[in-house]
Amino acid sequence: TMYTIPDFHLNYQLGIGLAGTFIAFACIGGATILVAHSELKETPAALMRPKAPKNGKKIFLEKITFIWRRLNFSKKVTMRNIFRYKKRAIMTIVGIAGCTGLMLTGFGIRDSIIDIPNSQFKGIFQYDSSITLSNTDNISSIENYMNENKKVEAYSEICANTGKLKASSRNYDATIFVPNSIEKVCNLKDYKTGEKITLNNEGIIITDKVAEFINAKVGDEVTLIDGENIEYHLKVSGIAQNYVSNYVYMTKDFYNANVKTFNVNMILLKAIPNTTDDELNKISEELLNIDGVASVSIISSLMSSITDMLGTLNYVVLILVIASALLDFVVLYNLANINIGERQREIATLKVLGFYPKEVDKYINSETFILTTIGIIIGLIFGSYLSHFIISTCEPDYIMFDRNVFAISYIYSILITTTFTIIVNIVTHFNLKKINMIESLKNVE
């Protein structure tokens, strides 16, 4: 949308490729080596016998008697089993937390970009068209047209110039905006409180993104560099909320006194409510027929362009959500299989003792639900911080994301993770039914 991009040539980064390969081998191979080393230390006779189940121990919850006494037998067994198999419990919690966190991060990125066009071009900017002038020789004709056209609610004459705000490391681009009457076309709000702020002759108002870059606060003096590389030292009287591009606002009188002479080169037009794009296009065509009008931009077209540009991030969101959902399923399914494999004799014993299939399912799956719940809670906290971190690091210099995660995204993350947990438990039910109690309880010796 914004740049002419040449043909893309992929050059393989050998260093990054080798680093990725090394990390993969270290993680996968390292785990294999540790397990193999542990098993190979055993004697052949011990390896030929089934692994003895871990001894049960008293857990901390038993010391809290007023809670422990209220738990029935199956719940007490579930709690003991969770602490009995600590490694598997930790693996489940960490796995689920990671999956939920990544999923919430994906939704958080979407939440942070989805409403930027509306927030900027309907919330902050109140105008519908911007008219760029090549000269002001015929400005009275333009003003007459605006005043006579019933579709025009208000307009403001602007002196707009390119500039930069100086920082210690580099300079940041910003548009210098000097309106004749800003209240008609802009709704400036404080970036912290959201309260309306107005221009005054005490200083300039800069937008929040560039204020963050140059580390400026209200009352600080900043260096503004105009298009002719002339530096001006100006006081910051306010910091405004903004989402697209960086702006420096100042009054006409302040500009005349501290920078240059006010010279109109743009007019911002606000149409009456419910004006259609076709009607705006007609106004644009009529304005272009007036001498001195160089171009007319309709805000709705600009909004569409920015929406398309930000829409490319939806692919990142989709990948994160799908990958984390699949990872969620793989983690739960593998841990469930390991759990059943290691406790086959125990499960067979329960069947022999008269446990019904539903009771056996509950005995095994209750642990998964409890660990999944803990993992989801940790994952939501982790995902909230991760999404804010990623959003703040992937912002371009000219766009400020909302940095907001909607409540519905937390609900989606919980529902998707819970859905995969239920699916794994259904699969586990059929695996438990396959356990032959007689074969499992046979003594291999």
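## Exercises on salt bridges, a strand residue and a helix

Lys-260 and Glu-228 form a side-chain salt bridge, with N and O 3.3 Å apart; a salt bridge is a side-chain nitrogen of Lys or Arg within 4 Å of a carboxyl oxygen of Asp or Glu. The model is predicted, so local features need pLDDT of at least 70 and side-chain atom pairs count only at pLDDT 80 or more, while totals for chains, interfaces and linings use all residues. Residues are numbered from 1 along each chain as its sequence is written, and side-chain values use heavy atoms, with hydrogens and water left out.

**Exercise 1.** Determine which residues are linked with Lys-260 in a network of salt bridges.

*Solution.* 
1. Lys-260 also meets the side chain of Asp-226 in a salt bridge, at 3.1 Å from N to O.
2. Lys-260 lies in the loop between helix H9 (252-258) and strand E8 (266-271) and Asp-226 in strand E5 (residues 221-226), so this pair ties together parts 34 residues apart in sequence. Helices (H or I, at least four residues) and strands (E, at least two) are DSSP runs, numbered from the N terminus.
3. The network therefore consists of Asp-226, Glu-228 and Lys-260.

**Exercise 2.** Classify Asp-226, Lys-260 and Glu-228 as buried, partly exposed or exposed.

*Solution.* 
1. Buried means under 20% relative accessible area, exposed over 50%, and partly exposed in between (1.4 Å probe, protein chains only).
2. Asp-226 has 8% relative accessibility, so Asp-226 is buried.
3. Lys-260 has 28%, so Lys-260 is partly exposed.
4. Glu-228 has a relative accessible area of 55%, so Glu-228 is exposed.

**Exercise 3.** Find what Glu-153 touches beyond four places away in sequence.

*Solution.* 
1. Glu-153 is found in strand E2 (residues 152-166).
2. Its contacts (heavy atoms within 4.5 Å) are Lys-270, Ala-271, Ile-272 and Pro-273.
3. The C-alpha atoms of Glu-153 and Lys-270 are separated by 5.6 Å, although the two residues are 117 residues apart along the chain.
4. Glu-153 is partly exposed, because its relative accessible area is 43%.

**Exercise 4.** Check the span of helix H12 (residues 313-342) and state what covers its buried residues.

*Solution.* 
1. The expected span is 1.5 Å times one less than the number of residues.
2. Buried residues of H12 include Val-317, Val-321, Leu-332 and Ile-340.
3. Their cover includes helices H5 (86-113), H13 (344-352), H14 (357-394) and H15 (407-433).
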